[in-house]
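Hi,

Here is the model I promised to pass on.

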Amino acid sequence: MSNTATLATLSGSDLAADPNWWRQASVYQIYPRSFSDSNGDGLGDLKGITAKVPYLKDLGIDAVWLSPFYPSALADGGYDVDDYRDVDPKLGTLEDFDEMSAALHAAGIKLIADIVPNHSSNRHAWFREALASPRGSDARERYIFRDGLGQNGEIPPSDWESVFGGPAWERITEPDGTPGQWYMHIFAKEQPDLNWSNREIRDDFLKTLRFWSDRGVDGFRVDVAHALTKDLTEPLLSKVELSEANSGTDGFDDGSHPFWDRDDVHEIYVEWREVFNEYNPPRTAVAEAWVHASRRGRYASPQGLGQAFNFDLLQADFDASEFHEIITRNLAEATESGASSTWVFSNHDVVRHATRYGLPKGGGRHAKGQDGKGWLLAGAPAEELDVELGLRRARAATQLMLALPGSAYLYQGEELGLQEVADIPDAERQDPTFFRNKGVEIGRDGCRVPLPWAAEGTSFGFGDGGAHLPQPAWFSRYAVAAEDGVEGSTLEFYRQALKLRRELQTSEELQWLESGNARVLHFSRPGGWQTLTNFGDEPVELPEGTALLSSGPLDGNLLPGSTTVWLR
């Protein structure tokens with residue numbers, strides 16, 4: 001099967017065996033604890049997902065990406081893993097996982113599991129053993145322990161800061177009760193970094209990849225894929241020295257940062273690829289790698305993970321020239337690496353794009369264009385959010401994205417047009433970024449509020465026992481039941497777009513067409529499928545062709561502002 005195979009030409013059995021199914025797949029991210037609650041405990045679970053497989057099939061997606069479902073204390077939304085080869089009892093059992101996997105596959109939907117290799121939780125059996133073991137022991141060598149500085153080791157080994165705020169080192173108490181060594185944690189202190197120079201760690205993760213692949217997992221989303229290997233040769237650089245050397249989430253562009261995007265991390269993924277290729281079809285992977293654009297292709301190498309997230313559109317304003325540059329550059333990068341590009345606007349870590357696009361562009365409290373965090377921190381003043389405009393732009397951007405070559409990632413609830421939940425009381429928030437950086441970070445709970453399935457009830461149909469994060473009253477208007485079968489609803493729009501995408505999908509190419517308007521993007525795909533997006537406010541005349549789908553109502557032969565149309 002060539003890389004340009006058309007999904008619509010594949011039968012169910014062929015699609016199941018197609019090694020390139022992922023290249024232009026529509027992938028739906030499920031945050032399990034907020035999707036559907038089957039037992040009324042206020043927490044979404046695996047049986048809840050299984051019960052909603054008919055909904056997912058009707059939506060028209062090709063795959064589900066399942067955020068962490070492992071045993072966890074939820075210090076970071078499940079990304080603090082107690083056991084990599086089990087299911088959190090609050091979410092179900094391994095048998096429930098197998099049932100869910102079988103139901104998804106029976107519906108023709110692939111399953112991608114989140115894997116978290118940079119760190120375990122501090123409740124993992126390995127870390128508990130490390131705390132109970134002496135300095136220099138094999139148990140401590142699974143993590144990154146260092147003696148402190150100062151006369152009595154009371155100063156952290158470096159002044160590095162955690163991504164979640166505060167120091168990146170935590171001091172332990174030794175088994176004899178005395179103040180002891182420090183361990184490194186790039187994220188929360190409950191997430192100690194694993195030592196990937198240790199062969200035992202590497203071998204155990206190969207075992208984990210096989211464990212889930214044998215249970216039917218078709219691919220893996222690799223969390224913080226760019227941070228596994230570290231060079232902690234002393235003396236450690238200070239945070240000022242790192243900053244002066246152009247550090248940050250992009251890392252150094254030469255691979256020499258002590259822990260971000262090091263060249264030697266790819267040795268790990270070569271071994272992973274060997275495991276993936278043991279299966280038919282080979283298991284897939286996509287890297288979450290916040291790296292310099294020039295280095296993204298290394299993660300997407302066919303000899304490595306095969307694909308890497310492109311977050312460029314997610315970070316962009318609703319702007320034609322910005323979209324054009326990002327799309328052109330990323331398609332060129334994908335061609336060079338042999339991978340396919342990925343496109344995404346929302347996920348479990350960012351303000352929902354229907355809200356971002358309804359905020360003023362740039363400046364003031366919106367210092368990073370459309371990221372929305374400044375607006376949330378300011379108390380989410382309602383007068384600054386144009387809900388209608390935000391949703392119109394979000395639908396237009398999504399339809400454009402679904403027309404692009406490459407895989408499209410959707411986040412649960414965006415198919416309902418959900419806005420960010422801005423008014424969560426401090427006492428009910430859960431995200432560690434809010435508590436560790438209070439006044440600086442609002443946290444990510446607003447995009448993780450449990451979904452509304454019904455227009456009424458204590459949890460809008462999420463479950464019989466309420467919801468673990470508070471749902472606002474306006475959720476009733478966005479509920480599945482309120483949109484199902486309703487012409488023009490966002491849910492029906494997504495269903496139509498995903499159905500057409502599958503039918504129209506073709507080789508991984510596009511050709512830009514001249515629109516005559518700087519605020520309009522116009523391109524074609526092989527087979528005569530054309531996409532026009534009007535990023536402006538004024539309507540523009542449409543070229544000849546049959547309108548297959550538009551993100552909003554057309555005005556005769558005019559394409560209104562903030563609207564996308566597909567023509568043939």
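Let's start with the largest cavity: 13 residues line it, and Arg-296, Ala-300, Ala-308, Glu-333 and Ala-334 lie nearest its centre. Two elements give two or more residues to that lining, helix H9 (296–299) and helix H11 (320–337). H11 provides the largest share, with 4 residues. If you sort the lining by type, you get 7 polar, 4 nonpolar and 2 charged residues. The volume of this cavity comes out at about 110 Å³, and the structure holds 6 cavities of 30 Å³ or more. Keep in mind that this is a predicted model.

Now for the packing. In soluble globular proteins, nonpolar side chains tend to be buried together. Here, the largest nonpolar core has 126 residues. Those with the most contacts inside that core are Tyr-28, Leu-56, Phe-69, Phe-97, Tyr-269, Trp-272 and Phe-323. Helix H17 (residues 490–504) gives this core its largest share, 7 residues.

What is Phe-69 in contact with, leaving aside its neighbours within four places in sequence? The list is Leu-46, Asp-86, Val-87, Asp-88, Leu-91, Phe-97, Ala-113 and Trp-212. Phe-97, then, is a contact of Phe-69 and also sits among the residues with the most contacts inside the largest core.

There is a second, separate core too, with 17 residues, including Ile-144, Phe-187, Val-224 and Leu-236.

Cheers

Definitions and conventions:
Residues numbered from 1 in each chain as written. Predicted model: local features only at pLDDT ≥ 70, side-chain atom pairs only at ≥ 80, totals over all residues. Heavy atoms only, no water. 1 Å grid on protein atoms, 1.4 Å probe; cavity = no way out; pocket = protein on both sides within 12 Å on 5 of 7 lines; lining within 4 Å. Points joined across faces, edges and corners; volume = space filled by probe spheres on them. Nonpolar A, V, L, I, M, F, W, Y, C, P; charged D, E, K, R; others polar. Core = buried A, V, L, I, M, F, W, Y, C linked by side-chain atoms within 4.5 Å. Buried < 20%, exposed > 50% of the residue type's maximum accessible area, 1.4 Å probe, protein only. Contact = heavy atoms within 4.5 Å.
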